[in-house]
Structure formats: C-alpha cells, structure tokens
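Work through these exercises with the structure in view. Try each task before you read its solution.

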Amino acid sequence: MAELHVELVAADRKVWSGAATIVVARTASGDTGIMPGHTPVLSVLETGPVTIRTVDGGTVIAAVHGGFISFADNKLSLLAEIAELADEIDVARAERALEKAKSDLDEHAERRAEVRLFAARGLKAHA
Amino acid sequence: MGAQLRVYKRRIRSVTATKKITKAMEMISASRIVKAQRAVAASTPYADELTRAVTAVATRSNAKHPLTTENPNAKRAAVLLITADRGLAGGYSTNAIKASLVLSERLRSEGKDVVTYIIGRKGVSYYTFRGLTIAESWTGFSDKPTYGDAKTVAADLIEAFTAETGGVDELHLISTEFVSMLTQNAVEARLLPLKLDEVQLSDQTPAKSEIFPLYDFEPSAEGVLDALLPRYVESRIYNALLQSAASEHAARRRAMKSATDNAGELIKSLTRLANSARQAEITQEISEIVGGANALADASRGSE
C-alpha cells in the first residue's frame, strides 16, 4: 500500500513522525485530506484536530494551534506553534480551560480548549 | 588563641562557605547547559522546516511583503539586546551589552535613530543606570525561555516594524551564540527586513540551494507568506533566546568554576598563614617561659 512520511513538529519539539496512509487537517479553506501522491501543497493550518491514519491501521490524533502544512515528494510536514497528541492531553485541565474561556468570553481560548477536548475524546472513541 | 590566628581562622571559615555556594552554582549551571542544549536541538526541526517553507514561497512567487521590503532611506533602527536576568555569569551580559553599544554607535553614524529593546534584567539595569532610553523590555525568562516568550517579543517588534508612522525601518538582534562549553560569542544579525536569499538552514547551508517542487498555495501565495513570515521571525528570536540561555549557563559555569578554584587556593594560602601564626605564637610562648625561668634562676643564684 502506498504510504506517505509524516512529520508533526511543534516549535519546541518533534511531536510525531512516521508512515501514514492518510492525514486529515483543518486548513484555512476547510478540512483537507492528504493521501500519498497528492500534488505539492503548502497551506495555512487553523486551530483544529489533525488525524493521522498510520500504516498499521492505527490512528493518531493531535490538537494543533496555528501553523502550516506542506506536502512534497510524499513527505508531509505539519508545523504547529503548539501541538499535543491526544494521549498527552489532560482532559480535566482542558475542561477547566474551556469553562474559564467561556466565562472570560475569550473566543480563541475557547476554541483551543474545544479542539483539545475533541482530540482527546476522538482517541477514546477509536480505542 | 592569638588575635592574628583568630582573624585567619575566621577568614578561612568565610571563604569555605563561599566556596560551597560557588561549587553548588557551578554544578547547577553544568546540568542546565545540557538541558538548554537539548532545547536548542529540539527546536531545530521546526526552524528548518519553516525556513524551507519560507524559501519555497519566496522562490516560487514574486509576492511582496511589508516584512521583506527594504526602506532605501531608513531613519530609525531598532536593536534587540538579549542579556541575562541574573549576574555571576562572567562577561556574558557585558559582552552582549558592549556589542549593542558598538552597533548603536555604527547605526547612529549612518544617520539613523536607534531604538533599544532589551530582554534580561542585566541589560535593563545597565541602560537605566546610565540614563539611556529603552523602548521596551522583557525580563524573567532569560535562563529558560519558552516559545510563548519569543512570541510576545516578536509580536511587539513586528508591530513596531509595520507601524505606519513612528515605526522602525530595520531591526537588529544582538544575542550570544553558543559555540562550545568554553566559547560563547556575542553576535549581531539583521532580522528585519528579511533578506530571503540569505536564509540559512541550521547546518549553515543556504536554503536556496535546494530545488523546490511546484507548490499549490492555499489560500494564496500572499496569504501563506502573510502567515509564514511572522512565524519565521518568532522562530529566529526563539532560537536566539535558546542559544543565549545555553551561553548564559555555560558562562556562569565557567565563572563559578574559577571562583571555586580561587576559593580553594585562598583557603590553602590562608591555612599556611594560620599555621605559621600559630607556630610563631608557640615559639614566643616557649621563649617567654625559658626567659622567665632563666631570670628566676639568675635571681636565686645571686642571693646565695
């Protein structure tokens, strides 16, 4: 089966890298799915979940907050200022952050917390 | 105990206490250098990917961006100086401050007004003590900077650069480059306007030497560049902060090591002095006793 090489990199560390069959990420123009052999593309990521289907049938979900996606020669780079894998996310903390963001009427923080919760719960649904 | 001996003993005690402190600081710094170097290494994949992306956009499109356009008659230049929050790091902060003064002087001789931005308490106190003006300063994260810190600094600087009126025309950065455990150099670099043909990857190869595929840009080349360039500036500042933090720890370790060595030597020579003072005291006591006994013997012989 065709596969593509994925690197998910945050500003201060490499979060995940490996082979995948499809990667779905939210870009400025909507959710984009990238499969092996996609045309070279470079676009802006929105705050949202990134879903990576690995070659062995597993799923990696990460919450990313702002960044870029670039694909060329079957190599996909996801650059994010902040990126967290679903199993690293502290659900209780994200829920608290969501509550706080709602009460502070901070839209960005609210969105970030929602994405985090979505990613963490999405992983449980797959498991 | 004689007065002289007591003074030596007291000084030895105080130097021993100081030595313990400097030894502890040396070991703490040594362990933090490793951590700081790891942070630098961990940030390079992001910096490299970002550099590639910026170069790819710049080579494939002729998009003009405010952050890359040069002002032919630049009037105001900003200098961002990175120093330490705490002292006892040898010449670390002083070297960076000196480099910034030299640079400011040069910019002034080119007829530009210099605006200074400072990171780190040491730089701030140097400038305020001499009555020099600081446009803005950030403190409290010099030994362990996070990406968020770099973002705050970059946001203010980009705002100053893109401001319609009263903004700055160029931005220079003074940071300390970590060469090795023993060598750290204060270096200056022009951050803005960006010169895209000089963009380098972490291993010093120019990013332009690579051949880039024909990318589809979403939403558009300009849109991508708009989002990419500020990130690029942030990542440059972040990298400079991390390098400077590693340099700060290395400089502190070296300074504390020589302080510990000096304290050891001082203790040694003070112990020698104390020993000879004690010996002199004993000798004096013996000669007093002998002298007294002789006098007694003489006196009793005379009466017989």
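**Exercise 1.** Which pattern does chain B follow, read along the sequence?

*Solution.* This is a predicted model: local features need pLDDT of at least 70, side-chain atom pairs count only at pLDDT 80 or more, and totals for chains, interfaces and linings use all residues. Residues are numbered from 1 along each chain as its sequence is written, while chains are lettered from A and ligands numbered from 1 in the order in which they are written.
Start with the elements. Helices (H or I, at least four residues) and strands (E, at least two) are DSSP runs, numbered from the N terminus. Chain B has five helices and six strands. Its pattern reads α-β-α-β-α-β-α-β-β-β-α.

**Exercise 2.** Compare the radius of gyration of chain B with that of a compact globule of 304 residues.

*Solution.* Take the rule: 2.2 Å times the number of residues to the power 0.38, with the radius taken over C-alpha atoms. A compact globule of 304 residues would come near 19 Å, but chain B has 30 Å. Now check the box. Along the principal axes, the C-alpha atoms of chain B fill roughly 125 × 40 × 25 Å.

**Exercise 3.** Describe the side of chain B that touches chain A.

*Solution.* Count contacts (C-beta atoms, placed from the backbone, within 7 Å). 24 residues of chain B are in contact with 22 residues of chain A. H1, strand E6 (216–218) and helix H5 (221–303) of chain B each supply at least two residues of this side. H1(B) gives the largest share, ten residues.
Then sort by class. Ala, Val, Leu, Ile, Met, Phe, Trp, Tyr, Cys and Pro count as nonpolar, Asp, Glu, Lys and Arg as charged, and the others, Gly among them, as polar. The side has 18 nonpolar, three polar and three charged residues.

**Exercise 4.** In which sense do strand E4 (residues 41–45) of chain A and E6(B) pair?

*Solution.* Two strands pair if DSSP finds at least two bridges between them. E4 of chain A and E6(B) pair in the parallel sense, over three bridges. A:Ser43 stands opposite B:Glu218 in E6(B).

Methods
Two residues are in contact if their C-beta atoms, placed from the backbone, lie within 7 Å.
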